[in-house]
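Take a guided walk through one protein chain. Keep the sequence and the 3D view side by side as you read.

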Amino acid sequence: MDNARTAALEILERCRRNGAWSSVTLDAVITKYKLDKRSAALASGISLGVMQNSALCDFYIDCFSNAKIEPKVRDILRCAVFQMLFMDRIPHNAAVNEAVEQAKSLGYSRASGFVNAVLRRISANIDKLPDIPGKGTAEYLSVKYSHPRWLTELIVKEQGYEFAEAFFAANNTAPETDLQVNTNRISAGEFEKLLNDSGVEFKRHGWLQNCFTVKGNVSELIGYKEGYFYVQDSAARSAVSVLELEPGMKVLDACAAPGGKSFAAAIDMSNSGSILSCDMHEKKLSLIRNGAERLGITVISTEAADARKERSELFDAIIADVPCSGLGVIRKKPEIRYKKPEELESLPNIQLDILNNLAGSLKVGGAMIYSTCTVLRSENEDVVKAFLSENTGYVTEKFTLPNGKTAANGMYTFWPNVDGTDGFFVCRIRRMI
C-alpha cells in the first residue's frame, strides 16, 4: 500500500478526531512515515485537498451510495474521489485500487467491495456527474466549495453572491509564502541576488516593497539562518505599516505571538526604540525571542500579560492584533472553516474588552491599530464602532495602504479574492485627548 496515501489518511483522521491543526499534523505524519519530497507532496496534496473539498466529495459519494458509511471508510472514499476530481496526473484506476487496498489493510475487508463499487461508479460517470442543486444560493456554495452553510449564508448576506463565490473559491487555492526582507541586515536588491544565485523559484511581490513570494520549505532557504527574512503575509505586514512607526518610538504589541508584527515594527523603526511584545502564554514568548535573535533585533522585550489587564505606562503606538475566528486564513488552515458559530459568539466581547483597555495605554496623539485575521463584520467594523461609542477622544483615521488603496473611514478589509492576501482587517485609531 502506498505510504503517501496512508499518511494522507492518517492526517485526515487525526484532524477529524482530535481537532488538530493540519500544518502541525502534516509535519508529524510525514516524519513518521519518512516520506521523501515527492511522497510528502502527494500526502499533503491529498489531505489538504480533501479538507478543502470534503462536502463536494461527500456529495458525489452520496449520489452513488445510500449506505451509512463509517468515518474512516468515508475518509478513504474522499481521498480517492478528490484524486479523480482534481489530480489529473493520477489515473482513476490507481486511485480506486489504492482505496480498496487501504480498506483491506485497515481492517475493513468487508467494506472493500463497497468502496470499489462506489468509486467505479463515480469514475465511470466522471464526465457527467450530477449537478449540485440550488445554483445561485448559499446552499450551492456550501457544497461546491465545502464551507459550512452558516458561513456561506453570512458572506452572501454581507457581500453579495458573486463576491461570496469568489471568496470561497479563493479559499480553496494554494497560497504562496511571503518573505519579508529584514532591511536592517540586507537590502531587497541584495536578497534578490541571493535568491537568483540559489536557483530558488521566486518573484517580487506585486505591490509590497521588500517582499518576495516563494514556494517550499523556507527554513531551508538561503539567508534564513542569517536572519535576512521572516515569513509574514503581505496583509499583516501592511497593517503594521499603517502605524507609520519611526526610530526611537515606544511601542506595545499586546497580542504578539508568534512575533511577526513585532518584527515588522522593529524593522520599520530601524531597530531603534523599544517594543514590548506580550502574550498570555509564557511558552509562546520563546517564539518571539528566538525569532528576534535570528533577525538580530535587539529592541524587543517580552512579557506574559493579558491584554485586558490595565498597565500604568504609556506608549507612542500600540498594535492590537486580537484573538479572532481566523476565518481569513482558510487558505492556509483549511480546517478553520469548520468552526461552529457558537464557538465564535464570545469573541467580539473579548475583542472590545482588549481595545477598551489598551486605549488607556496610548499617549495623546498616538496611534493604535486594531487588526484581525477574519473577514466577519461582527469582529471587525462592529467592534470598532462599539469602541468609539464607549470612548470619547478617539477617532478612526484615514490611511493609504502599500497597495495604493485608501481607507477613507480608517478601516480596510483585505480579501484573498481581491488583494491576493489572507483575509485581514485593519483599523487605525488616533487618541486626540
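Start with Thr374. Leaving aside residues up to four places away in sequence, Thr374 touches Cys324, Ser325, Gly326, Leu327, Gly328, Glu379, Asn380, Gly423, Phe424 and Phe425. Keep in mind that this model is predicted. Thr374 sits in the loop between strand E9 (362–372) and helix H16 (381–390). Is Thr374 buried or exposed? Its relative accessible area is 0%, so Thr374 is buried.

Now compare another loop residue. Gln209 is found between strand E2 (202–204) and strand E3 (211–214). Gln209 has 66% relative accessibility, so this residue counts as exposed. Look also for Leu179, which is 30 residues from Gln209 along the chain. The C-alpha atoms of the two are separated by 11 Å.

Next, the cysteines. How many disulfides are there? The count comes to 0. Take Cys79 as a case. Its closest cysteine sulfur is in Cys57, 8.5 Å away, and that is too far for a bond. A disulfide would need the two sulfur atoms within 2.5 Å. Cys278 is in no disulfide either, as the nearest cysteine sulfur, that of Cys255, is 8.6 Å away. Cys79 counts as buried at 5% relative accessibility, and Cys278 counts as buried at 2%.

Turn to the charged side chains. Side chains of opposite charge can pair when their charged atoms come close. A search of the whole structure finds 31 salt bridges.

Begin inside a helix. Lys104 and Glu101 meet in a salt bridge, with 3.9 Å from N to O. Both belong to helix H5 (residues 92–105). They are 3 residues apart there, so about one helical turn separates them. Lys104 is partly exposed, with a relative accessible area of 41%. Glu101 is partly exposed too, at 39%.

The next pair spans much more of the sequence. Glu244 and Arg428 form a salt bridge of 3.6 Å, N to O. This pair links distant parts of the chain, 184 residues apart. Glu244 lies in the loop between helix H11 (234–241) and strand E5 (250–253), while Arg428 lies in strand E14. Arg428 is buried, with a relative accessible area of 5%.

Asp419 lies in helix H17 (residues 416–419), and Lys405 lies in the loop between strand E11 (399–400) and strand E12 (406–407), so the pair ties together parts that are 14 residues apart in sequence. Asp419 is buried at 10% relative accessible area. Lys405 counts as partly exposed at 31%. Elsewhere, salt bridges share partners. They join Arg16, Asp58, Asp62, Arg74, Asp75 and Arg78 into one network.

Val395, Met432 and Ile433 make a nonpolar patch of about 290 Å². Met432 lies in the segment after strand E14 (424–431). Its relative accessible area is 48%, so Met432 is partly exposed.

Methods. Residues numbered from 1 in each chain as written. Predicted model: local features only at pLDDT ≥ 70, side-chain atom pairs only at ≥ 80, totals over all residues. Heavy atoms only, no water. Helix = DSSP H or I, 4+ residues; strand = E, 2+ residues; numbered from the N terminus. Buried < 20%, exposed > 50% of the residue type's maximum accessible area, 1.4 Å probe, protein only. Patch = residues over 30% accessible without salt bridge, like charges linked within 9 Å, V, L, I, M, F, W, Y side chains within 5 Å. Areas by Shrake-Rupley, 256 points an atom, 1.4 Å probe, with all protein chains shown as cover. Salt bridge = Lys/Arg side-chain N within 4 Å of Asp/Glu carboxyl O. Contact = heavy atoms within 4.5 Å.
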